[in-house]
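Here are some friendly notes to read with the structure open beside you. Take the points one at a time, and find each residue as it comes up.

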Amino acid sequence: MSFLWFPLSELPFVLLTMLIAFTVHEFAHAWTAYKFGDPTAYEQGRVTLNPMAHLDLFGILFLLVAGFGWAKPVPVRRSRFKHPRLMNIAVTAAGPVSNLLLAFIGLLIYLLLVKFGALDQYATHETVWTFFSYFVPINVMLFLFNLIPLPPLDGYRIVEEFAPLRLRLKMIQFEQWGMFLFLLFVFLPPLKAVTLTPLFSLGRPIIRGTTIWLAELLHITTPFYGFTS
């Protein structure tokens, strides 16, 4: 029995997907912060699409055995922003939004390949489909996952910016328990069933609706492996 979360034969597709997804996510944080006036990430070499600047080895290994992982967090000093609260929300949201954009781009590329007959050979179609069947859902899942309002996830940082100062100070006191709570949600089935599972179930209608809309927009009538089921 394999100790890996994903089938061994499809591991290259998963690793490539996560390489792109994590790199773009962290780059989006770093680039947005730099454009808003905080050079901290830039000075640490994080405004780059070089995966080596962003990947966390332990986070990747955890992904392979547990189904989720993480990259190196981007350092941000909100005090350097002209409008700290508003700009920090934008910097924080840039990461999840970049994953949603990646999913859209991946879906668009796949449908364009179908439309122009680039996947006519069965072996080619199945290989390309296997990659995009990971690339699109995983990026949507990362978008949803990072919106969870638990530290150190992006959703928590956004909620924190909207909170009054007194409440924010109290939230800081409980940040150390955020990862513990998250692990409970992941590994305890009863908690997972009422937290993560309903959240991640939103991914299917998002992908299905976007697929149908794009297929109609591109006038694709040819049957294809798709995300509409």
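1. How many helices and how many strands are there in the protein chain? The count is 11 helices and zero strands. If you walk along the sequence, the pattern reads α-α-α-α-α-α-α-α-α-α-α.

2. Please keep in mind that this is a predicted model. The protein chain has a mean pLDDT of 88, with 97% of its residues at 70 or more. Among the elements, helix 2 (residues 40-43) has the highest mean pLDDT, 96, while helix 8 (residues 178-187) has the lowest, 76.

3. Next, the overall form. Along the principal axes, the C-alpha atoms of the protein chain fill a box of roughly 60 × 40 × 30 Å. Of the 229 residues, 41% count as buried.

4. Now try the aromatic rings. The structure holds 11 aromatic pairs. One of them joins F58 and W70, whose ring centres are 5.8 Å apart with 55° between the planes, a tilted arrangement. F58 belongs to helix 3 (residues 57-66) and W70 to the loop between helix 3 and helix 4 (84-115), so this pair ties together parts that are 12 residues apart in sequence. F58 is exposed, at a relative accessible area of 51%, just past the cut-off, because exposed means over 50%. W70, at 30% relative accessibility, counts as partly exposed.

5. Are W129 and F227 buried or exposed? Both are buried. These two residues also belong to one aromatic cluster, together with Y110, F131, F132 and F135.

6. Let's turn to the largest pocket, which has a volume of about 770 Å³. Its lining is made up of 30 residues, and those nearest the centre are H29, P73, P152, L153 and D154. Which elements give two or more residues to this lining? They are helix 1 (11-35), helix 4, helix 5, helix 6 and helix 8. Sorted by class, the lining has 16 nonpolar, seven polar and seven charged residues. Remember from point 2 that helix 8 has the lowest mean pLDDT among the elements.

7. The peptide bond from P151 to P152 is cis, with omega near 5°. You will find P152 in the loop between helix 5 (122-145) and helix 6 (154-162). This residue is also among those nearest the centre of the largest pocket.

8. Finally, which residue has a positive phi although it is not a glycine? It is H219, with a phi of about 55°. H219 is found in the segment after helix 11 (203-217). The side of H219 to check next is its accessibility: at a relative accessible area of 62%, H219 is exposed.

Note on methods: Residues numbered from 1 in each chain as written. Predicted model: local features only at pLDDT ≥ 70, side-chain atom pairs only at ≥ 80, totals over all residues. Heavy atoms only, no water. Helix = DSSP H or I, 4+ residues; strand = E, 2+ residues; numbered from the N terminus. Buried < 20%, exposed > 50% of the residue type's maximum accessible area, 1.4 Å probe, protein only. Phe/Tyr/Trp six-rings, centres within 6.5 Å; stacked < 30°, edge-to-face > 60°. pLDDT = per-residue confidence, 0-100. 1 Å grid on protein atoms, 1.4 Å probe; cavity = no way out; pocket = protein on both sides within 12 Å on 5 of 7 lines; lining within 4 Å. Points joined across faces, edges and corners; volume = space filled by probe spheres on them. Nonpolar A, V, L, I, M, F, W, Y, C, P; charged D, E, K, R; others polar.
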